[in-house]
Amino acid sequence: MVRFLKGYNDRYRIFVVSRSKEKTAKLLELGICVGEIAEGMFTFYPDDLKVHMDDQTQEDFEVFSEDDVLEISENGLIYRWYSDVEGDAGIATTARCNSNCIMCPAGDNERRRVDMPIEHIKTIIEYMPEDLYFFTITGGEPTLIGDDAFIEVYRTAVDHFQDAKILLLTNGRTLGDKGFFEKFVKEKTDRLRIAIPIHGSTPERHDSITQSPGGFAQTLRGIANVISAGIELEIRVVISKLNMDDMIGIAQLIIRFFHKVRIVHFIGLEMRGNCAVNSDKVVISYQEAFASAEQAIKLLMKNGIDVALYNFPYCMIKKEFWPLAKKSISAYKSNFYDECSECYMKEFCCGIFTATKDFYKPKVFPIEKEVKDDSLF
């Protein structure tokens, strides 16, 4: 979630949102920097720096709730790291990546962003509530900040969130490095899950999609290390035009070599970054993506492997697969058509990425309460 505070021209800050003097006082007692939104003013404490907000800015900033964790750049650009309403909590340690996936929702400009200092990352984590249920560490490729720096960030999250499930999103390549993995595995907790993507069943297919020769072998070594260390593993399969005919092959690869995987997620595209630039090469409809994965899903389930669908609206998949569809899109990225208000399943549906809705405008099919299994197809 990004917003712009007009009139701000000061230093970079990390802070927690307050909407009352009482809340501000409590946060300051804990040594936390505060951004108080009240009476048309955005006030930063403990410096008592005030920035007037016009009516439009006040309306735009209604999305920020008390206890949200934000950062603001020197020119007033605000990014939200934690939403208290959505419970969406995580940290991107870096925008850099050692792969360049052709359908990645990040683009070249994003990957060139300068890394945050480690102390800033740790402060963002420590400003979040300690009783979170779930926390994500991601990137770019999150391990590229350096072995020791990454482990320090990971340790901060594990120590701060005493009960939270920690999800590490990584392409798995650095986890195939013996030296790094031996250091990392010493820090493991039974609350850790690692999610790694497989884009093809062969080195040629996988590496052509990641545009990183040798990446397939590194990723498989990383997956093998995760399994051998007893760390919970999730495999992600992003479905595009480039691998839609390889879903069975990927499922067979998982069953043969990585049958101890906790769950496999089949994922729909987000139309931004590389994915938008390469749309002619990668884009398929939700229906095509689901149809290409249907038999692979059944094969995995037949072999005792749990499966879920991310980023697939209910009206784009068969009714028998609805229990697999998760509300996977962050609320600020999710969108619905006007017709969706008529849909019986809207409350549970992930919706459509705003970027996807704007890019190629997929058609939706509102579901009636007594819909038949085959009425949408």
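Visitor: What does G268 touch, leaving out residues up to four places away in sequence?

Guide: G268 touches Y310, N311 and F312, where contact means heavy atoms within 4.5 Å. This is a predicted model, in which local features need pLDDT of at least 70 and side-chain atom pairs count only at pLDDT 80 or more, while totals for chains, interfaces and linings use all residues. Residues are numbered from 1 along each chain as its sequence is written, and side-chain values use heavy atoms, with hydrogens and water left out.

Visitor: Where does G268 lie?

Guide: In the loop between β13 and α10. Helices (H or I, at least four residues) and strands (E, at least two) are DSSP runs, numbered from the N terminus.

Visitor: Why does G268 count as buried?

Guide: Because its relative accessibility is 7%. Buried means under 20% relative accessible area, exposed over 50%, and partly exposed in between, with a 1.4 Å probe and protein chains only.

Visitor: And L269, where is that?

Guide: L269 is in the loop between β13 (263–267) and α10 (274–277). L269 counts as buried because its relative accessibility is 9%.

Visitor: Which residues is L269 in contact with, leaving aside neighbours within four places?

Guide: M103, V238, I239, S240, C275, V282, V283, F353 and T356.

Visitor: Changing topic. How many residues are in the largest nonpolar core?

Guide: There are 90. M128, F135, F184, I235 and F266 have the most contacts inside that core. A nonpolar core is a set of buried Ala, Val, Leu, Ile, Met, Phe, Trp, Tyr and Cys residues joined through side-chain atoms within 4.5 Å.

Visitor: What does F184 touch, again not counting residues up to four places away in sequence?

Guide: F150, I151, Y154, L168, L175, L192 and I194. There is also a second, separate core of 15 residues, which includes M1, F44, F64 and I78.

Visitor: Which rings link into a cluster?

Guide: Y8, F15, F42, F44, F61 and F64, through ring pairs. The whole structure has 17 aromatic pairs. Rings of Phe, Tyr and Trp (its six-membered ring) pair if their centres lie within 6.5 Å; planes under 30 degrees apart count as stacked, over 60 as edge-to-face and the rest as tilted.

Visitor: What lies over the face of F336?

Guide: K346, at 5.1 Å from the ring centre. The charged end of K357 sits over the ring of Y337, 4.8 Å from its centre. A charge sits over a ring if NZ of Lys or CZ of Arg is within 6 Å of the ring centre and within 35 degrees of the ring normal.

Visitor: On to helices. Which residues of α4 are buried?

Guide: In α4, I118, I121, K122, I124, I125 and Y127 are buried. The buried residues of α4 pack against β2 (13–18), β6 (69–72), β7 (77–83), β8 (88–92), β9 (134–138) and α5.

Visitor: Which helix holds T156, and what does T156 touch beyond four places in sequence?

Guide: T156 lies in helix α5 (residues 147–160). T156 touches K122, I125 and E126, not counting residues up to four places away in sequence. T156 counts as buried because its relative accessibility is 11%.
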